[in-house]
Structures are given as structure tokens and as C-alpha cells.
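Let us take a walk through this protein together, with the model open beside the text. Keep your viewer ready to pick out residues as they come up.

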Amino acid sequence: MARIIAVANQKGGVGKTTTSINLAASFAAAEVPTLLVDCDPQSNSSSGLGLAKDPNRIGTYQLLMGEVEAADAIQPTVVDNLSLIPATKNLIGANVELVQADDRALRLRNALRPVMGRFEYIVLDCPPALDFLTLNALTAANSVLVPMQAEYFALEGISELLDTIERIRQSLNPDLVVEGVLLTMYDDRTNLAQSVVNELRSFFGELLLTTAIPRNVRLAEAPSHGKPVLAYDPKSRGAESYIRLAKEIMDRNGSRLHAAQRLANIIHTPAHKAAQTDPHR
């Protein structure tokens, strides 16, 4: 049965979509079936995996509206073992149309249930808002991964997200946990970043993941080519960091040992070791 991870933070520009795409691709690199669900009307996860914008494409909107089964909305991607349920701008309407629905917070969970046996991981890319789309994702998820930048405004809004998670845990999804807090766009060469990390570690404790995602040119370039960074430049620091993240999450959740070992083998190849010395790769 799949483990469902929602990537959420109502603050924009923190790397949610970059994390969703590349974490899902890294799980797939471990040769485990993975599904990425684009829950954001901006549909950047969809375009970041090579799907051109098409308002007529079947995807998350039709799934939430009960118009299609999840199996009919799943699309293949350029990455082996990675499938996608895409989004379109039509998803904006779901926030309005779900208001009167009795099961408005349960639509995604119920829709994904029939396909959960096909995947080991399902990653949900949430919009930068605490709306019905994010509510559906958090209700469907086993855990929440919170990307945030290493800056002094990073905690802004996090307390609201944590409060929302607690309310969902009490009323809709008692098993929901915080998978971890992920530092993104991290530059360990600055004193400011290191100071912020120390503050975040004292605030979050073990919830702050060991892996941090660096600022990386290849990560920024990959979406314009419709590929995760693993497919665009597998030797880059960005690719290595997301492989490390996937392995850390797999290790935390006791995933199959041989799958996590595949990621460990990728990390320790000479090409990936060499990439660490080039800050631009």
C-alpha cells in the first residue's frame, strides 16, 4: 500500500513543486512505482514533467469532481516507474465547487484509494494556500513534507500550517504526521544561513531533515526542459541532494532495504562525488 506524502507550505517560492517533482523522480530511481499528483492550478509539476498545458486534459480537477477514476487520469512520464496525475487551470474552480459538497475534504483520498496498491509512494504537490485543494491533500496523506528557505522569514506562516495539520489530525485524518521540514535553496557558505539553520533546529528538533537542497543552476534549468533534474543532469548537486532526501525518507519509513540501497549506490558513484566540488552543477 502506498505511502502518501503531501508537499505543503502556504508560503510561495519555497520549492514545493521542485521538491515534488524531484523527490518523486528519486523514489522512482530506486525502482519503486511512484505517482505524482499535481494539486496546484498553476500545473507546474505537470509542465515540469513535459506535459504541455492543455485545459481539456483529464486530471486532478475531474478526479475531485468525481468525473473520472484515478486510473483513467494517470499519465506516464519520461522517468521509468514515475506516473503523473496532471493539473490544469480548471482546478481553480474546485475551490468554489467543493464548498457545498458534503465530502469536500475527502474527495482526493477516496479517489486515490483504488490505485494505492499500484504504487509504493504517492507525492502530492500542493498549492501555496490553505484552501480546499490543500485540505484534500492533507486529508489524503500519511505525512506532510514542509519545504522552507533558510531565512529569518521562514517561520512566517509555519505555525498556521502546523495548526491546520493538528486540526485535520483531530477531525479528518488522525494518522497524519509531519514527515519533516526540508531546507531549500540553501547556501551553507553564508553565516546567515548557518545561523538560521541553528534557530530552525532548536525550533523543530528532529523534524528538521538532515538533507538540505542547495541553490543549484541545474535544478532551475530542468523544468524548462520538461524533466526532473535526475533526467536533465544526473551528475548535478541538485540531483544528488534529492536522491539523498529520498533515501533519508525511505530510511525513516523503513522502506525496502534494497530500494534504499540503490539510492545509496547512486550517491556514492564517482560522478556524484565529483559533482559536490562544483557549486554550479
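The paragraphs below visit a helix with its salt bridges, a cavity, a surface patch and a loop.

First, a word on the ground rules. This is a predicted model, so local features need pLDDT of at least 70 and side-chain atom pairs count only at pLDDT 80 or more, while totals for chains, interfaces and linings use all residues. Residues are numbered from 1 along each chain as its sequence is written, and side-chain values use heavy atoms, with hydrogens and water left out.

Helices here are DSSP runs of H or I with at least four residues, strands are E runs of at least two, and both are numbered from the N terminus. The term salt bridge stands for a side-chain nitrogen of Lys or Arg within 4 Å of a carboxyl oxygen of Asp or Glu. How accessible is each partner? Glu240 is buried, as its relative accessible area is 6%, whereas Arg244 is partly exposed at 33%. (Buried means under 20% relative accessible area, exposed means over 50%, and partly exposed lies in between, with a 1.4 Å probe and protein chains only.)

Further along H12, Lys247 and Asp251 are four residues apart, about one turn of the helix, and their side chains meet in a salt bridge at 2.7 Å, N to O. Asp251 is partly exposed because its relative accessible area is 43%. Glu248 and Arg252, also in helix H12, are again four residues apart; they form a salt bridge whose closest N and O atoms are 3.9 Å apart. Glu248 is buried at 12% relative accessible area, and Arg252 is partly exposed at 38%. Elsewhere, salt bridges that share partners join Arg218, Glu221 and Asp233 into one network. The structure holds 10 salt bridges.

Now look inside. Rolling a probe the size of a water molecule over the atoms shows where empty space is left. On a 1 Å grid over the protein atoms alone, a cavity is a set of points where a 1.4 Å probe fits but cannot get out, and lining residues have an atom within 4 Å of a point. How many cavities of 30 Å³ or more are there? The count comes to one, and the largest cavity has a volume of about 40 Å³. A volume is the space filled by probe spheres set on the grid points, which are joined across faces, edges and corners. Its lining includes Thr18, Ile21, Asn22, Leu219 and Lys227. Helix H1 (residues 16-29) gives the largest share of that lining, three residues. By type, the lining divides into five nonpolar, three polar and one charged.

Back on the surface, Leu155, Leu162 and Phe203 form a nonpolar patch with about 250 Å² of accessible area together. Patches of this kind take residues with over 30% relative accessible area and no salt bridge, with nonpolar side chains (Val, Leu, Ile, Met, Phe, Trp, Tyr) joined within 5 Å. Leu155 belongs to the loop between strand E6 (143-149) and helix H8 (158-171), and counts as partly exposed because its relative accessibility is 32%.

Last, find Ala52 in the loop between helix H2 (44-48) and helix H3 (60-64). Ala52 is exposed, at 53% relative accessible area. Ala52 and Gly226 are 174 residues apart in sequence, and 8.9 Å apart in space, C-alpha to C-alpha.

Terms used:
Patches are made of residues with over 30% relative accessible area and no salt bridge: like charges are joined within 9 Å, nonpolar side chains (Val, Leu, Ile, Met, Phe, Trp, Tyr) within 5 Å. Accessible areas come from the Shrake-Rupley method with a 1.4 Å probe; for residues, only the protein chains shown count as cover. On a 1 Å grid over the protein atoms alone, a cavity is a set of points where a 1.4 Å probe fits but cannot get out, and a pocket is an open set with protein on both sides within 12 Å along at least five of seven lines; lining residues have an atom within 4 Å of a point. Ala, Val, Leu, Ile, Met, Phe, Trp, Tyr, Cys and Pro count as nonpolar, Asp, Glu, Lys and Arg as charged, and the others, Gly among them, as polar.
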